[in-house]
Amino acid sequence: MRSGNEPVTARSPLRLRFWLGVWGLVWASAGTAVFSLVGRPGWAAACGVLAVVVAVDLVMIVRHLHQGPHYQPGPDIPPYEPPRDR
């Protein structure tokens with residue numbers, strides 16, 4: 001159902017974000033390990049920082065998934081109304 005105010009009331013596809021985050025965490029962790037083994041500490045640190053950021057994002061995504069339909073509504077939940085203060 002489209003209401004015409006989707007940019008204001010858009011909802012995040014959390015399951016897609018979760019799986020993309022898992023994919024990114026795997027690659028960032030692998031990059032950290034490989035760059036450490038080949039003696040590139042700068043790149044290893046960059047991949048390590050990226051892995052930490054992705055891990056924190058995954059924690060937040062899982063938290064939102066567990067909070068229920070407010071963050072991950074199903075097709076039976078109507079779109080949110082836009083804020084009236086504008």
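Valine 26 is a residue of helix H2; helices here are DSSP runs of H or I with at least four residues, strands are runs of E with at least two, and both are numbered from the N terminus. Because its relative accessibility is 49%, valine 26 counts as partly exposed. The classes are buried (under 20% relative accessible area), exposed (over 50%) and partly exposed (in between), with a 1.4 Å probe and protein chains only.

## Model and confidence

This is a predicted model, where local features need pLDDT of at least 70, side-chain atom pairs count only at pLDDT 80 or more, and totals for chains, interfaces and linings use all residues. Residues are numbered from 1 along each chain as its sequence is written, and side-chain values use heavy atoms, without hydrogens and water.

Mean pLDDT (the predictor's confidence in each residue, from 0 to 100) is 82 for the chain, with 65% of residues at 70 or more. Where pLDDT is low, predicted coordinates should not be read in detail.

## Helices and packing

The chain has 3 helices and 0 strands, in the order α-α-α. H2 holds 24 residues and reaches 34 Å from first to last C-alpha, close to the 34 Å expected at 1.5 Å a residue. The expected span is 1.5 Å times one less than the number of residues. H3 has 26 residues; its end C-alpha atoms lie 37 Å apart, which agrees with the 38 Å it should span. After H2 comes glycine 39, with a positive phi near 80 degrees.

Leu14, Gly21, Ala28 and Gly31 are the buried residues of H2. They pack against H3 (41–66). The buried residues of H3 are Ala44, Cys47, Ala51, Val54, Leu58, Ile61 and His64. H2 is part of their cover.

## Whole chain

Of the 86 residues, 19% are buried. Contacts (heavy atoms within 4.5 Å) with a separation of 6 or more are 70% between residues 24 or more positions apart. The accessible surface is about 6600 Å², 69% of it from carbon and sulfur atoms. Accessible areas use the Shrake-Rupley method with a 1.4 Å probe; for residues, only the protein chains shown count as cover.
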